[in-house]
Amino acid sequence: MKRSGSTISTGGSGMGLSGSHNSMETLALRQIAEVEGKLLAQLTEVLQEVAPSPAEIEEHATMMEYVANLCSTLFVDNDFSGKAWGPCVKPYLSCFLPPDEASMACELFRSRTEKQAEQERMANLGLEIEEDMGPEVCNIYFSLAYGGKVLLHNTHLFLHRGKKYGLLGHNGAGKTTLLRNIANGKIEGMPKQLVSVFVESHFDDEAGVTTPVLDVITQDPMLVHTKTPAECEAYLRENLGFDDEKLQGELSALSGGWRMKLALARCALINPDIMLLDEPTNHLDHKTVAWFVDKLQKETHATVLVVSHDTGFLDNVCTDIIHYENQKLVRYPGNLSNFVEKKPECRSYYELASTGGLSFKFPNPGRLEGVANTSRKIAYLQNVDYKYPGAKQNQLTGVSSTCAWRAGCACWGPTGAGVGEVWQHHNLRISYVAQHSFHHVEAHLDKSPVEYIQWRFKNAEDQESLAKDSMKVDEAAADLLGQKYGQIDKLTGSRHTKGGKLEYEVSFVGKREKDNAFISREDLEKLGYGPLCKQIDEKVAAEAAGVDLRNNTTTEVQAHLDDFNLAQEFGTYGRIKGLSGGQKVKLVLAAAFWTVPHLLVLDEPTNYLDREALGALAEAIKKFGGGVIMISHNKEFYGALCSEEWVIDEGKLDVVGEAEDRDLLVTRKKTEKDLLNDANAATEGEKGGGNANDVVMLQNLINEKTGRPLSKKEIRAMAKSSKKK
């Protein structure tokens with residue numbers, strides 16, 4: 001191979017650049033020549049077994065060199081698929097061999113070269129190829145794309161019965177997509193006779209399902225002809241602790257942990273050829289995880305493909321690791337520890353730290369009225385009894401607990417223990433990220449992340465919060481609201497009396513604004529208007545954070561998403577349905593912080609995020625100026641962040657440790673200069689076009705009498721006045 005037309009510069013720095021380029025080119029050509037030599041030797045060996053005579057091989061030596069040259073590119077690209085090698089080899093061998101012999105020689109050449117490449121790769125890692133890996137389940141080459149993005153290209157999937165493969169790759173690499181496509185039979189070349197079961201990491205499609213739990217299993221199409229109802233029931237009772245109440249109860253009444261137990265039980269009862277497990281330890285308590293680890297370690301029939309961010313689980317279960325590398329699936333024998341030892345650059349899979357510069361930026365909250373330090377309580381539970389809808393027995397009994405602003409608390413216990421409502425400071429902003437965090441966005445899959453946040457916080461109100469049952473007046477109270485002259489029409493605001501009592505301003509049907517009255521919260525709650533009080537509390541809390549003054553333009557929202565590492569490619573131009581699980585969690589976190597909360601409640605925060613993202617989340621929580629309550633079974637995660645634990649067991653709550661005092665970190669009050677800069681930026685934004693906030697339509701935000709920037713209250717008054725005009 002020769003390269004024509006190359007130029008060598010003389011003098012100055014150009015000589016160094018050209019010399020470096022030529023050195024790299026020479027090295028590449030030398031490597032290709034070595035590959036061609038190996039391929040030619042392999043092809044010659046194969047033809048000596050197949051061709052009629054040595055003379056015939058020598059006669060076509062030039063053609064064989066050409067075939068080796070063609071295949072060298074495939075070798076370098078690690079592409080050993082029959083589709084790629086066939087056109088490069090078979091037509092040329094057919095010139096002097098019968099078609100059957102040419103096909104046989106082509107396949108021998110391809111398979112032996114593939115084995116040789118694998119041996120060299122293992123040798124470079126200091127490993128040996130296992131001679132006896134058990135019965136082969138599949139040996140295929142395929143490509144995989146999602147939307148317009150290529151996830152895998154001509155990659156090799158070689159699975160053996162009884163092996164447990166951990167599937168590793170960064171968020172968005174396509175791990176869950178691969179599992180789902182295998183389960184749906186959409187992977188080209190996958191043997192059709194294989195029975196596979198996909199255990200998904202979330203259960204959003206089960207909301208509202210009223211079928212009894214036992215019937216869900218006994219009437220399953222994959223079990224109805226293989227297991228009797230008695231066998232199914234016995235398995236659920238003996239292995240996973242299902243009792244009469246749970247077996248006869250509705251599926252939708254189960255917590256996330258119990259639903260995951262049910263999914264794992266179904267998988268075990270079916271006894272498939274391939275178990276496809278997507279974050280199987282999500283939602284599970286320690287006892288159930290130990291049971292499942294023991295089961296997988298003893299499994300000899302099924303091949304297991306598992307996606308998990310639980311390092312201990314992967315170390316205890318996996319016999320091999322399959323890693324996403326440049327749109328290829330690359331196998332490494334051994335568990336996660338062995339993999340990281342051979343690939344130290346992948347230590348982020350093993351360590352709870354951000355090693356690639358990934359970070360989340362949580363905004364510090366504003367002050368709370370009457371709260372001067374982090375030891376003051378901002379919410380509490382007292383003698384609370386709670387049970388899930390449809391349940392016969394309480395999940396919580398007589399629970400009491402206090403939450404201060406310094407909160408760094410972990411709450412954990414057996415699956416389905418449940419958590420009830422809490423009293424809270426009336427201006428406290430709480431953001432909640434659900435255990436099944438995807439439910440926040442499942443109704444908005446065709447929106448972009450930016451459009452979702454713009455919808456959710458339009459008019460400076462959290463539409464998700466307003467949709468909660470606790471924010472709605474019941475039918476009896478609603479019939480007496482805003483219907484007839486003199487009835488309560490709506491609540492317009494709130495105030496504190498000199499004695500510290502909270503009162504709400506109430507307007508009445510058919511009466512003027514000057515006839516408004518202030519009524520205590522207790523009296524309004526007696527009338528059934530407690531939810532209206534909550535709506536006003538949230539509105540006041542949002543205004544205290546300046547949410548009503550915050551621009552919700554695409555640029556502003558995308559800048560907020562950038563703080564949570566959701567790039568413009570996905571945030572502005574992508575659709576939620578195209579996001580990976582980890583990216584959806586980033587979106588949900590970003591939405592939770594749009595209101596600048598004082599208290600963040602995270603329900604199983606380790607679900608779906610990869611190790612590096614978990615490291616970034618941990619660092620952000622450490623720096624966050626507000627309080628955090630997290631519900632988690634991941635001791636590795638919460639142990640480094642929380643000094644106080646709320647342990648729920650058998651309906652009782654035990655508090656272990658105590659949250660540490662720390663400095664009160666709040667967003668500082670803006671100076672006059674800051675306010676003036678904000679006003680100028682808002683005005684410039686309006687001139688540039690496309691601002692959805694009516695406040696920025698004010699061209700001059702300076703009080704002419706005082707010469708000072710307008711306060712938030714004055715800005716709102718002017719905006720209200722401009723709307724009336």
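Biologist: Is N326 buried or exposed?
Modeller: N326 counts as exposed because its relative accessibility is 76%, where exposed means over 50% relative accessible area, buried under 20% and partly exposed in between, with a 1.4 Å probe and protein chains only. This is a predicted model in which local features need pLDDT of at least 70, side-chain atom pairs count only at pLDDT 80 or more, and totals for chains, interfaces and linings use all residues. Residues are numbered from 1 along each chain as its sequence is written, and side-chain values use heavy atoms, with hydrogens and water left out.

Biologist: Where is N326 found?
Modeller: N326 is in the loop between β7 and β8, strands being DSSP runs of E with at least two residues and helices runs of H or I with at least four, numbered from the N terminus. The phi of N326 is positive, near 50°, although the residue is not glycine.

Biologist: And how do β7 and β8 pair?
Modeller: β7, residues 320–325, pairs with β8 in the antiparallel sense over six bridges, and two strands count as paired if DSSP finds at least two bridges between them. Within this pairing, I322 has R331 in β8 as its bridge partner.

Biologist: What is the strand order in the open sheet?
Modeller: Six strands, with mixed pairing, follow the order β4-β5-β6-β3-β7-β8. The edge strands, each pairing on one side only, are β4 (196–199) and β8 (328–333).

Biologist: Switching topic, where does N78 lie?
Modeller: N78 lies in the loop between α3 (61–76) and α4 (82–93), and it has a positive phi of about 60° without being a glycine. N78 counts as partly exposed because its relative accessibility is 37%.
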